[in-house]
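Dear colleague,

Please find below the structure for your review. My findings follow directly after it.

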Amino acid sequence: MNLHAADTDTAHRVDARWQRLPTTWQLILERGGPETLCRGVIDLIEAAAAQPQLRRLYPFTRQWTLWFSSRTRHPFEVEAPAVEPTPDGRFRVRSPSLNTVIAETDTAEAAIALVVDRLCAGEAGAR
């Protein structure tokens, strides 16, 4: 596969994932997943999808947390802080290693704005 074809394949995988991920979480919610956490993850995905800087990255979730990777396959390479809903309806932004809570916000949009700010500042790679 030539370099252009590889770039096209990666872009296709990233776009397909952004399209599938909200549907996956909607199904989890409909099948009885915790409402506050499921809706929180869905809100985070929707807010992140509106950000071009994040839209180029591969989104994935693990344990109620939304991550962003520059790789579309394992092992994922985390590029930005991770975000997660909290049981009280707020949102937590964590360092890529999850060791540090960067902030808690009242809205998914505010949490995603912090992720974008860190990514744009080049702080996302600092683990």
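Phe60 and Trp67 are both buried in this predicted model. Their ring centres lie 6.0 Å apart with the planes at 10°, and because planes under 30 degrees apart count as stacked, the pair is classed as stacked. In total, five aromatic pairs were counted. Phe60 and Trp67 also belong to one aromatic cluster together with Tyr58 and Phe76.

Turning to the nonpolar core, the largest one comprises 31 residues, of which Leu44, Leu54, Leu66, Phe68, Val83 and Ile112 touch the most other members. At least two residues of this core come from each of the following elements: helix H1 (3-30), helix H2 (35-49), strand E1 (58-62), strand E2 (65-69), strand E3 (82-85), strand E4 and helix H4 (108-120). The greatest contribution is that of H2, with seven residues. As for Leu66, its contacts, leaving aside residues up to four places away in sequence, are Leu21, Leu44, Ile45, Ala48, Pro59, Phe60, Thr61, Ala82 and Val83.

E3 pairs with E4 in the antiparallel sense over four bridges, and Val83 stands opposite Val93 in E4. These two strands form a hairpin with five residues between them, and Gly89 in the turn has a positive phi of about 90°.

E4 (residues 91-94) pairs in turn with E5 (residues 101-105), again antiparallel and over four bridges. Here Val93 has Ala103 as its bridge partner in E5, while Arg92 stands opposite Glu104. The hairpin formed by E4 and E5 has six residues between the strands, and Leu98 in its turn has a positive phi of about 70°.

Which residues of E4 lie on each of its two faces, and are they buried or exposed? In a regular strand, side chains alternate between the two faces of the sheet. In E4, Phe91 and Val93 are on one side and Arg92 and Arg94 on the other; all four are buried, so that both faces of the strand are covered.

Yours sincerely

Notes. Residues numbered from 1 in each chain as written. Predicted model: local features only at pLDDT ≥ 70, side-chain atom pairs only at ≥ 80, totals over all residues. Heavy atoms only, no water. Pairing = 2+ DSSP bridges. Core = buried A, V, L, I, M, F, W, Y, C linked by side-chain atoms within 4.5 Å. Buried < 20%, exposed > 50% of the residue type's maximum accessible area, 1.4 Å probe, protein only. Contact = heavy atoms within 4.5 Å. Phe/Tyr/Trp six-rings, centres within 6.5 Å; stacked < 30°, edge-to-face > 60°.
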